Amino acid sequence: MADEEKGAGMAAADGAPRANAGAPDGAAGGPVAPGGSPRADAGAGASAPDGAAGAAGGDFVVFEDASFTYDGAAWVFRDLGLRVGQGQFLCLLGGNGSGKSTLAQCVNALLTPDAGRVLTFGRDTRDADATYFIRSNAGLVFQNPDDQLVASLVENDVAFGPENLGVPAPELARRVADALGEVGLQGFQRHETAALSGGQKQRVAIAGVLAMDPAVLILDEASAMLDPRGRAGLMRVCRELHEAGMTIIMITHYMEEAALAERVVVLDAGRVAMDGAPGEVLTRAAELRALNLDVPFAASLSLALREHGAPIAPCVDDADLERELAALAPAGGGGGAAARGAGAWAAGADGDAPRGGTAGAGAPLLSFEGVWYSYGDPERKERRRRRGGRRAPEAERAAWGTDPEAVWALRDVSLEVREGELLGIAGHTGSGKSTLIQQMNGLSRPTRGRVLLRGEDLADKAVGARARTAVGLVFQYPEHQLFAATVYDDVAFGPRNLGLGPDEVDGRVRRALAAVGMDASAVGAKSPFELSGGQQRRVAFAGVLAMAPEVLVMDEPVARLDPRAREEFLALIRRLHADGLTCVLVSHSMDDLARMADRVLVLNEGAVLTCGTPAEVFADEEALHAVGLGVPAAQALAARLRREGWPLARPLYDEQSLAADLAALIGAGGEARHGR
Amino acid sequence: MGDSAVFGRYWPGESVMHRLDPRVKLVGSLALMAVIFLARGWAGLGVCAAFIVGLYLAAGIPLPQAARSIAPLLFIVVVTALLNVLFVQGGQVYFQWGPLCVSEAGLRQAAFIAVRLVLLLLGVSLLTLTTTTLDITEAFERLLAPLARVGLPAHELGMMMGIALRFLPQFADELRIIRRAQLSRGARLAANPLRGGAASLSALMVPLFASAFRHAETLSAAMEARCYHGGVGRTRLHPLALAPRDAGAAIALAALAACVLAANALLPA
């Protein structure tokens with residue numbers, strides 16, 4: 001196991017090799033003797049949960065009728081019973097406010113139950129002597145990578161935990177190296193934490209926990225703020241650790257992560273609502289939806305197919321679903337008939353007409369003409385480069401893409417935002433999405449090239465001023481910009497800055513709040529900080545809408561919302577768009593873009609990779625994979641099935657249309673084969 | 001943005017300057033400041049300037065980056081110089097308008113003070129560019145350790161300082177985003193934050209404080225989760241130990257002080 005190296009290394013140090021990694025013995029050769037102080041001699045290699053865990057019958061974590069309340073009035077959970085065995089990979093699901101994070105902090109003795117008991121490695125978390133023993137053996141990783149790194153250098157941060165445990169210096173260096181290796185960041189010791197990507201920061205945070213030699217790793221929505229690439233990396237690390245014997249408790253909103261766990265527990269209002277293998281739990285679609293949770297794509301599609309009468313078992317994993325479907329694949333002759341049938345059906349259904357009617361024909365509202373942008377001083381760097389010998393401008397241009405000294409955040413971007421359309425923008429973190437949208441209202445000016453609003457250059461002062469109001473910009477986590485004493489004042493900030501009269505301001509505030517589904521007379525006098533996260537985001541949206549923009553530009557508007565809030569928000573955006581507002585939507589979620597956008601633009605390293613209708617863009621799966629992006633789940637499955645000979649005719653599939661076409665094909669194939 | 005030197009941000013490296021004991025660097029930069037103040041004339045300042053340039057070269061930090069790292073603080077230099085121009089009088093008068101008078105002595109004094117301030121800023125900047133926040137913290141803490149016996153919370157002060165330094169660049173980034181968001185809502189912040197009134201200022205500061213509290217809450221939980229319990233029993237990844245190069249640094253500083261004193265004596269301003 002992963003800890004084996006460390007355990008063995010440590011044991012070797014005191015001359016008594018002990019590599020029984022599977023047992024609780026070797027699982028965590030923590031420096032803290034049971035019940036000992038954190039200063040216990042690390043050289044002795046006192047192993048962590050041995051003995052203690054044995055007493056708990058192999059269950060590392062036990063909640064015995066545990067109840068917890070923050071304020072003495074509202075119970076976060078009550079009489080909760082839960083056992084997590086050694087070596088499990090448990091996924092904890094639940095909507096916002098279901099008590100997941102509180103539960104995680106109870107395991108780690110950061111919080112203690114107000115009634116009942118929580119036993120971690122058989123030790124009561126209220127036992128003060130066990131606190132550091134528990135914390136070092138049940139490592140906790142938090143959601144926001146920026147909130148949990150204490151040091152400016154990676155190695156100092158990773159060493160922080162074991163330093164607190166009093167591990168001596170030579171051992172510390174080895175632990176840091178081992179822990180970084182386990183999360184795939186070998187050699188990152190001297191890197192600055194501030195310069196890492198979000199995904200790398202979270203892996204450093206995990207390394208910081210691993211360096212304490214834990215037996216349990218708890219991740220409290222650790223992937224929530226990462227892009228798909230960062231999330232995949234995090235999940236890979238967790239699976240490797242688990243395969244090496246680590247017990248993992250993962251709190252998440254992402255069903256594709258839950259589908260990979262061994263056991264899924266769904267919390268609802270502080271009680272265990274569902275508990276079982278992913279295959280059991282995640283296929284109970286109706287119950288999950290009632291608890292504000294997503295249903296994994298494979299489960300939801302297989303259930304939809306069953307509704308269509310296809311003989312298929314409910315699955316949670318895409319691979320399982322493909323296997324199931326393979327058994328039902330339309331055979332040669334029958335397939336031909338099905339293809340004709342499906343083709344005709346698809347052509348007749350015309351499911352891919354442009355949305356919004358006007359989308360294709362709209363006049364360009366915003367246009368970018370060969371926009372380059374750099375945060376630094378590109379001219380100077382370029383001169384230096386030229387002096388350095390590379391002369392040909394074309395060669396230079398080609399070199400920028402891979403040049404580590406590349407300074408361009410945007411490279412030759414040309415695009416149009418057409419009146420009435422919803423333009424989706426995709427790209428991984430650092431691809432220039434946020435930089436791009438800040439050019440749209442003239443907040444920052446292109447280093448080269450032009451940005452035009454209805455044909456007029458934003459560089460012109462008057463046009464620039466007009467763009468500020470015509471283009472409403474909703475930043476990522478816009479609720480972090482709320483500031484006024486009341487919701488009303490916050491929303492009124494923009495209109496007041498425009499110098500509007502009190503009546504006009506009042507009208508705009510009411511309309512804007514109504515547009516986000518809030519009532520000015522009900523919430524207007526409240527402090528924005530009293531509201532829930534989702535409500536705060538609505539207020540922040542209203543603050544931009546009150547500027548009466550012609551284009552609404554949104555940077556990851558549903559990031560970090562739970563599934564229900566997410567759906568409500570997307571519906572809100574769809575409604576605004578249907579009412580005629582031109583929208584630009586930056587998103588990591590290809591499913592959302594496929595569902596909502598008229599056109600999708602993909603950025604890679606500051607340049608436009610591709611731009612077109614979702615059907616066009618998502619047809620080229622490989623090009624997207626090459627830049628670390630995926631395609632919508634239904635589209636990806638359709639492409640794979642097509643390669644296996646399924647005659648799927650539509651250019652763009654969503655879940656419903658894929659279920660319908662597959663059911664038709666299976667029906668046809670089934671009849672051909674079984675003569676049904 | 002990661003490729004430019006910023007005041008207060010660490011510039012990764014393995015140079016001799018980076019490897020000096022942080023205690024020596026902390027005390028050394030105080031000593032350097034004292035020496036800069038000792039210099040009475042241009043010759044002395046010239047010696048100091050040459051010494052500081054040498055330090056930056058030894059640290060492997062390009063001089064333009066050194067200049068850039070102090071650029072945000074140059075307004076202090078400009079304001080101080082202006083005050084000197086206006087308040088120090090003597091010698092030939094170049095310009096007179098009412099009570100405002102620009103004279104030769106004023107210009108000389110202003111130039112001297114400006115150069116001295118730039119050198120001071122470069123000296124402080126070098127400390128933070130070549131020393132990680134945790135090392136500065138550690139040095140601070142260890143230097144104050146004798147005072148812990150009389151009840152001074154040396155470790156806690158050091159930790160607080162380290163965390164403040166670690167979050168400084170982050171808050172700068174967040175402030176930039178908040179500013180842009182409020183500008184998009186028509187806030188008039190660009191011209192003059194004071195004239196825009198309390199509303200515009202609070203539009204920046206309230207979200208920033210809210211964010212600071214949010215960070216603080218999680219950070220303290222995250223530190224506790226990693227068994228932080230104060231300085232008792234803590235070990236260090238890189239325990240501080242004085243090396244021959246630290247003695248070298250002390251000797252170099254002493255030599256600098258001697259040169260400056262000699263310059264004062266031999267070439268009076």
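Colleague: Which residues of chain B form a nonpolar patch on the surface?

Modeller: This is a predicted model, where local features need pLDDT of at least 70, side-chain atom pairs count only at pLDDT 80 or more, and totals for chains, interfaces and linings use all residues. Residues are numbered from 1 along each chain as written, chains are lettered from A in the order written, and side-chain values use heavy atoms, without hydrogens and water. A patch takes residues with over 30% relative accessible area and no salt bridge, and joins nonpolar side chains (Val, Leu, Ile, Met, Phe, Trp, Tyr) within 5 Å. A salt bridge is a side-chain nitrogen of Lys or Arg within 4 Å of a carboxyl oxygen of Asp or Glu. Here the patch is B:Phe75, B:Ile76, B:Val79, B:Leu83, B:Leu86, B:Phe87, B:Tyr94, B:Phe95, B:Trp97, B:Leu100 and B:Leu107. Together they have about 1,100 Å² of accessible area (Shrake-Rupley method, 1.4 Å probe, only the protein chains shown count as cover).

Colleague: Which element gives the most to the nonpolar patch?

Modeller: Helices are DSSP runs (H or I, at least four residues), numbered from the N terminus. α5(B) leads, with six residues.

Colleague: Is B:Phe87 buried or exposed?

Modeller: Buried means under 20% relative accessible area, exposed over 50%, and partly exposed in between (1.4 Å probe, protein chains only). B:Phe87 is exposed, at 65%.

Colleague: How many residues has the largest nonpolar core?

Modeller: Nonpolar side chains tend to be buried together in soluble globular proteins. A nonpolar core joins buried Ala, Val, Leu, Ile, Met, Phe, Trp, Tyr and Cys residues through side-chain atoms within 4.5 Å. The largest one has 57 residues. Its largest share, six residues, comes from helix α9 (residues 198-210) of chain A. Apart from it lies another core, of 53 residues, including A:Leu513.

Methods: Patch = residues over 30% accessible without salt bridge, like charges linked within 9 Å, V, L, I, M, F, W, Y side chains within 5 Å. Helix = DSSP H or I, 4+ residues; strand = E, 2+ residues; numbered from the N terminus.
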